[in-house]
Amino acid sequence: MDNYAILLATYNGAEYIEEMLDSVDKQTRGDFTVYIHDDGSTDNTMDIIRNHIKDKSNYKIMEFKSKPGAKYNFMEMLRRVDAKYYMFADQDDVWFEDKVEKLILKMSEAERDGEDVPLLVHHDMMVVDDNLNAISASFIRYLGRDINRNSLNQLLIDNTAAGTTMLINRALRDKAILINNVDDVPMHDHWLMCVAATTGKIYVIDEPLIFYRQHKSNVMGADTESKVGKVLRNAKDVVTGEFARNKRKFHDTEINLARQLMYVPGVDIKTRKFLVDLINIRDRSKYKRIKFYRDNGLDRNE
């Protein structure tokens with residue numbers, strides 16, 4: 001069993017993967033193994049990777065088939081890799097040299113609660129353009145979010161942490177891989193945050209520890225929208241019917257996450273009742289649905 005495992009999922013990442021791997025090699029704390037799985041790249045991503053790691057013993061390429069998409073890739077890697085702690089890496093970011101060291105230090109502080117407690121530590125990111133020119137010193141604040149917004153009710157609405165910012169312990173991993181249907185969750189990181197909020201604890205490092213590239217190929221972008229733009233968009237969507245469809249999709253996400261959390265052991269009785277009520281919310285009258293969402297902080301202005 002590895003002590004620290006970094007899971008790197010790749011797909012057509014030839015443009016940036018070398019720089020990303022260089023930043024991992026430069027970490028001030030290097031006692032980790034990097035596991036790489038490619039999702040069927042059609043460019044020379046894997047040629048670059050194999051050339052980069054040919055003389056490095058702490059890199060391993062994984063061979064398996066999974067459904068296409070980052071969340072399936074990461075969740076399958078999480079199931080297959082045996083380690084005490086797990087981190088996640090995106091192919092186009094650049095890590096600060098002390099990222100791993102600071103995550104491990106924070107996890108050590110968190111483990112005062114005990115290693116059997118599911119724990120997740122995450123940090124902020126610096127938003128940059130393709131050439132690493134700064135756009136914002138804080139990804140979280142750039143999106144108008146609160147990095148400490150980590151209760152289950154809040155996370156069902158909106159995830160505050162990207163997978164590439166996380167360190168999780170084995171106890172959280174063991175619960176997270178019990179998911180019944182990965183299709184039901186938006187992304188692996190959103191799922192991990194919800195499991196941690198439901199059965200364990202979340203800790204925050206409120207500083208950026210990676211350069212997060214904002215470019216057209218990002219799976220998770222950092223685009224923002226002004227308040228005026230949001231009002232105009234909503235007005236247009238009401239007329240076209242898109243607002244109602246988006247609202248339903250938004251609530252579908254909450255319900256699907258709740259459904260999968262029911263498979264996780266260690267959920268207390270009060271939370272389990274809340275999840276059941278959310279799963280069955282559409283059996284209620286419109287008035288009772290609105291009241292439930294408001295009472296539980298499960299709605300937002302879109």
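The legends below describe an overview and close-up views of a predicted model of one protein chain.

**Overview. Make-up of the protein chain in the predicted model.** The secondary structure of the chain comprises 12 helices and nine strands, and 51% of its 302 residues are buried. When contacts between residues at least 6 apart in sequence are considered, 78% of them join residues at least 24 apart.

**Close-up 1. Packing of helix α1 against helix α2.** Helix α1, formed by residues 17-25, packs with helix α2, formed by residues 45-53, at an angle of about 30 degrees, and the two axes lie 10 Å apart. Because angles under 35 degrees count as roughly parallel, α1 and α2 are described as roughly parallel to each other. The crossing of α1 and α2 is right-handed.

**Close-up 2. Residues at the contact of α1 with α2.** From α1, the residues Ile17, Glu18, Leu21, Asp22 and Asp25 take part, and they meet Ile48, Ile49 and His52 of α2. By residue class, this contact holds four nonpolar residues, one polar residue and three charged residues.

Close-up 3. With a relative accessible area of 1%, Thr164 is buried, since buried means under 20% relative accessible area. Leaving aside residues up to four places away in sequence, Thr164 touches Phe88, Ala89, Asp90, Asp93, Trp95, Lys99, His123, Met125 and Ile210.

Conventions. Residues numbered from 1 in each chain as written. Predicted model: local features only at pLDDT ≥ 70, side-chain atom pairs only at ≥ 80, totals over all residues. Heavy atoms only, no water. Helix = DSSP H or I, 4+ residues; strand = E, 2+ residues; numbered from the N terminus. Buried < 20%, exposed > 50% of the residue type's maximum accessible area, 1.4 Å probe, protein only. Contact = heavy atoms within 4.5 Å. Axes fitted to C-alpha atoms, helices over the stretch in contact; angles between N-to-C directions. Parallel < 35°, antiparallel > 145°, perpendicular 65-115°, else oblique. Left-handed = near helix turned anticlockwise from the far one by under 90°. Nonpolar A, V, L, I, M, F, W, Y, C, P; charged D, E, K, R; others polar.
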